[in-house]
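Try each task on your own before reading its solution.

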There are 2 protein chains.
Amino acid sequence: MTARPGEGYTAPVEDYLKAIYEIERASGAAANSEIADRLAIAPPSVSGMVRRLADQGLLEHERYRGVRLTNEGRRIALRTLRRHRVIECYLTRALGYPWDRVHDEAERLEHASSDELIDRMATAIGEPTVDPHGAPIPTREGLIEERALASLSELEPLTMAHVVRVSDDDDASRLRYLAELGLVPGARVMVTDRAPFDGPMVLRVDGAERLVGPNLAAMVLVERAG
Amino acid sequence: MTARPGEGYTAPVEDYLKAIYEIERASGAAANSEIADRLAIAPPSVSGMVRRLADQGLLEHERYRGVRLTNEGRRIALRTLRRHRVIECYLTRALGYPWDRVHDEAERLEHASSDELIDRMATAIGEPTVDPHGAPIPTREGLIEERALASLSELEPLTMAHVVRVSDDDDASRLRYLAELGLVPGARVMVTDRAPFDGPMVLRVDGAERLVGPNLAAMVLVERAG
DNA sequence: TAGCGATATTAGGGGCGACGAACTTTTATT
DNA sequence: AATAAAAGTTCGTCGCCCCTAATATCGCTA
């Protein structure tokens, strides 16, 4: 499976661009090592691919400095992101997938689906705007509405907030655990207490008291209640 | 996209095995040139792949003689065939795809779908037993019910029959035309007249008179009415 | 049975996408 | 500023899957 109708980018290329898009959004420019980490690929392999992508005009590369998507590269990244998130939505809404298992499936299907399929899926479930983890879905035209969100681990104690989004690129078991705690998009949450030195935090989640460690808390993105 | 959870065969490998399965079913053993034709790949490439597949125990190869699937090879071929046909069904029944466009989409998705996804799709549309073109769907356990069917081009004049299946690996425009003629699975058909030297045939399709050439007629598989 | 055409294979090569080992550049530390 | 650590790159290699050109084998017909 290498070619897809229309625009023939390979699956690895789409994966790189998607990863770079997300790193860039968080850090401004994507470092080789971050790309390597995220894709679980050795750094030299990343150097090689980066060269190829730069040759194709999908990104700009400043030696030893990092990487930045071109408009074309960003377009493809957003298209892939849309595919991924529409698929995630469809799997949960139409096929009853649990939210902790949609990621891996979407990760493969996003490279094999035609635009028509994605559009039909989106239509079938009513043109969703966020995926099951709360991530916004780019439009067909490649527009995305990225809200600046605080992580739960940086939320001030006693401030009311609600969960907007949960990171979905970690492993499924964490997601399942977060769901058990009620930490899913839409939940109302408040930090009641917090141990020092990046210690565990005590939360109120929709009324129930919960205890959560810093690495899990970092996965949960919230918006302060207005 | 190279690996899938569970059993990691590549997309090309699955394509070869599927093609070989189908050729074998029609001709007993699969010749190199037939495989090459069907996959639109140069014959030497087929020789190379055949060697690899034989090394992996997926088929047996008698030099200059052709190829035969092992049980393991057949198992994978049937699994892929099941994927393909379940996907075709799902796309038509759940997403409103027209029957002439499901083949290409399924051809890509079959390599990217997990067993769970295929099962959920099959369940969602009521465990179908044939795909939109009338081809039987192997069960989860790899059993398939292949009926011996006559082609419309070999049907004796004035014999009542019904269309059971239509070949789907040709191009979409032919399929669309067949549908216009009413030559879809389930249709009642009779040859009323036939020009000699492999000429066009006159048909009655569900009461209407139709004219059809030999290459199209060969795509239509029928069963004589009992 | 000798030769010819069809079919299959070997030989050699290329792009992609990954790797480890060795080296260079940048950054942080003292 | 010297140097150690971290980050990035180059180099050589490999497996997969494809190609063309050249060669070998099969099977049929004369």
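**Exercise 1. The surface near DNA strand C**

Find which helices of the two chains each supply at least two residues of the surface near DNA strand C.

Solution. Keep in mind that this is a predicted model.
- Step 1: Now look at the residues themselves. DNA strand C is surrounded by 21 residues, and the closest are A:Thr10, A:Ala42, B:Ala31, B:Ser33 and B:Pro44.
- Step 2: Helix 3 of chain A gives the largest share of this surface, 5 residues.
- Step 3: Sorted by class, the surface near DNA strand C has 12 nonpolar, 7 polar and 2 charged residues.

**Exercise 2. The surface near DNA strand D**

Repeat the search for DNA strand D: which helix supplies the largest share of the surface near it?

Solution. 
- Step 1: Begin with the closest of the 21 surrounding residues, which are A:Ala31, A:Ser33, A:Pro44, B:Thr10 and B:Pro44.
- Step 2: Helix 2 (32-39) and helix 3 of chain A, along with helix 1 (11-27) and helix 3 of chain B, each supply at least two residues.
- Step 3: The largest share, 5 residues, belongs to helix 3 of chain B.
- Step 4: The classes here are 12 nonpolar, 7 polar and 2 charged.

**Exercise 3. How the two protein chains are related**

What rotation superposes chain B on chain A?

Solution. 
- Step 1: Chain B is superposed on chain A by a rotation of 180 degrees with 0.0 Å of shift along the axis, at an RMSD of 0.1 Å. This is the relation of a two-fold axis.
- Step 2: Turn to the contact, which takes 15 residues from chain B and 15 residues from chain A. On the chain B side, helix 5 (102-109) and helix 6 (115-124) each supply at least two residues, and helix 6 of chain B gives the largest share, 4 residues.
- Step 3: That side of chain B has 8 nonpolar, 3 polar and 4 charged residues.
- Step 4: Since 100% of the interface residues of chain B are also interface residues in chain A, the copies meet through the same surface.

**Exercise 4. Two helices of chain B**

Describe how helix 2 and helix 3 of chain B cross.

Solution. 
- Step 1: Their axes come within 9 Å and cross at roughly 110 degrees.
- Step 2: Angles of 65 to 115 degrees count as roughly perpendicular, so helix 2 and helix 3 of chain B are roughly perpendicular to each other.
- Step 3: B:Asn32, B:Ser33, B:Ile35 and B:Ala36 of helix 2 meet B:Pro43, B:Val46 and B:Ser47 of helix 3. The residues of this contact divide into 4 nonpolar, 3 polar and no charged.

**Exercise 5. The sheet of chain B**

Work out which strands stand at the edges of the sheet in chain B.

Solution. 
- Step 1: In chain B, 6 strands make an open, antiparallel sheet in the order 3-8-4-5-6-7.
- Step 2: Strand 3 (150-151) and strand 7 (208-212) each have a single partner strand, so they stand at the edges, with one side of each left without a neighbour in the sheet.
- Step 3: Strand 6 and strand 7 of chain B pair in the antiparallel sense over 5 bridges, with B:Glu209 as the bridge partner of B:Arg204.
- Step 4: Their hairpin has 2 residues between the strands, and B:Asp206 takes a positive phi near 50 degrees.
- Step 5: Strand 5 (residues 188-194) and strand 6 (residues 201-205) of chain B also pair in the antiparallel sense over 5 bridges, and B:Val191 has B:Leu203 as its bridge partner.

Technical notes. Residues numbered from 1 in each chain as written. Chains lettered and ligands numbered in written order. Predicted model: local features only at pLDDT ≥ 70, side-chain atom pairs only at ≥ 80, totals over all residues. Near = placed C-beta within 6 Å. Nonpolar A, V, L, I, M, F, W, Y, C, P; charged D, E, K, R; others polar. Least-squares fit on C-alpha atoms with pLDDT ≥ 70 in both. Contact = placed C-beta atoms within 7 Å. Pairing = 2+ DSSP bridges. Axes fitted to C-alpha atoms, helices over the stretch in contact; angles between N-to-C directions. Parallel < 35°, antiparallel > 145°, perpendicular 65-115°, else oblique.
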